[in-house]
Amino acid sequence: MSFARKSSSKMPTNWWFILPIVAFVPWYGMLIAMLICWAAQGYPMYWFMHGPKASPVYISDIGATNLRPLFISCAGWQGLGYFLTIICEYWQRGGFKNKKVLMAPGFTRHETRLLFASAIIGGLGEIALLMCSIFSTALYHHVHLAMVGVFVVLMFFSVCCHSTAYFIMGKYYALIHPLSKLSDSEIDLSNVLSRREWKGYIWNKYTLSATCKMVWLTLAVIWAICFGAISNDSRSACFEWLLAFWFGILFVILAIDFYLGSRFQTESLYFGSIPKEHLMQFPNYRYLVEAEDSDDSMTTTVDKA
């Protein structure tokens with residue numbers, strides 16, 4: 001028996017996927033505005049800068065000028081947006097004991113815990129970025145650099161937690177995916193995480209998302225090392241600008257996660273074909289299956305009446 005799909009619709013089942021987009025668009029606007037203002041000023045070296053002329057200058061250098069309010073407000077907006085995005089996913093997947101799930105819940109308790117950890121760690125990292133913008137490099141140089149370091153480290157662990165949650169979901173989903181081509185005797189849903197091998201439809205939406213995040217994170221780490229290790233200010237600043245724009249790609253990946261995750265009971269090509277006996281083995285899905293059966297029973301009763 002399959003988990004019946006609800007009525008099809010061309011419209012998204014929920015619009016939460018807009019949240020990460022709203023979070024990062026002002027960040028991009030800030031970066032572009034900073035570059036335009038710096039160019040319009042004649043590519044200056046500011047009074048607090050030392051050493052040979054750099055081109056481009058660091059984001060923090062421009063953010064320490066009269067554009068400081070823009071820097072603070074957009075850093076705060078982006079940080080709040082990131083935290084709300086991750087905590088919203090936690091809630092949509094059944095966190096905070098939410099019974100009306102809007103995204104497919106995790107298969108074990110580990111996924112929701114990892115998402116919650118990702119939100120808290122990322123939120124603290126974003127607070128560090130806000131402090132970085134408040135304590136400008138012109139007046140509080142050492143505090144500013146310390147906050148940059150805290151932001152980078154905490155965001156690294158936040159993305160790691162988020163990616164791990166998706167890898168776990170992907171490993172379970174691979175076994176019960178309708179395209180896995182595994183017989184019922186081959187589907188063993190016990191001790192899945194302790195087994196090294198991956199079986200079934202490995203490259204599903206969860207695994208692909210987790211892989212994209214890890215590729216994003218790997219490149220971000222490489223560029224962050226270049227940003228911190230290169231002594232030439234111009235080249236180092238180039239990597240800082242690259243990282244700042246690259247950061248927005250993470251929000252795009254999260255928006256895609258939201259859009260695909262919200263379609264699991266309506267427009268999903270495969271979720272509706274998963275046998276209920278497989279889903280019933282997971283506590284997070286047992287409630288959904290029972291609720292679906294209850295709805296079907298009520299509908300049948302009404303039809304007979």
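On a 1 Å grid over the protein atoms alone, a cavity is a set of points where a 1.4 Å probe fits but cannot get out, a pocket is an open set with protein on both sides within 12 Å along at least five of seven lines, and lining residues have an atom within 4 Å of a point. Grid points are joined across faces, edges and corners, and a volume is the space filled by probe spheres set on the points. The model is predicted, with local features needing pLDDT of at least 70 and side-chain atom pairs counting only at pLDDT 80 or more, while totals for chains, interfaces and linings use all residues. Residues are numbered from 1 along each chain as its sequence is written, and side-chain values use heavy atoms, without hydrogens and water.

- The largest cavity holds about 40 Å³ of space and is lined by Lys171, Leu175, Val192, Arg195, Glu197, Trp198 and Lys199.
- By class, the lining of the largest cavity has 3 nonpolar, no polar and 4 charged residues (Ala, Val, Leu, Ile, Met, Phe, Trp, Tyr, Cys and Pro count as nonpolar, Asp, Glu, Lys and Arg as charged, and the others, Gly among them, as polar).

**Packing of H5 and H7**
- Helix H5 (residues 141-176) packs on helix H7 (residues 233-261) at an angle of about 25°, with the axes 14 Å apart (axes are lines fitted to C-alpha atoms over the stretch in contact, and angles run from 0 to 180 degrees between N-to-C directions).
- H5 and H7 are therefore roughly parallel, a term for angles under 35 degrees.
- The contact (heavy atoms within 4.5 Å) involves Phe151, Met155, Val159, His162 and Tyr166 of H5 with Phe247, Leu250, Leu254 and Asp257 of H7.
- These contact residues comprise 7 nonpolar, 1 polar and 1 charged.

- The largest pocket contains about 600 Å³ of space.
- Of its 25 lining residues, Val148, Phe151, Val152, Ala224 and Leu243 are the closest to the centre.
- H6 gives the most to this lining, with 8 residues.
- The lining of the largest pocket has 22 nonpolar, 2 polar and 1 charged residues.
- The second largest pocket contains about 470 Å³, and its lining divides into 11 nonpolar, 7 polar and 3 charged residues.

Definitions and conventions: Helices (H or I, at least four residues) and strands (E, at least two) are DSSP runs, numbered from the N terminus. Angles under 35 degrees count as roughly parallel, over 145 as roughly antiparallel, 65 to 115 as roughly perpendicular and the rest as oblique.
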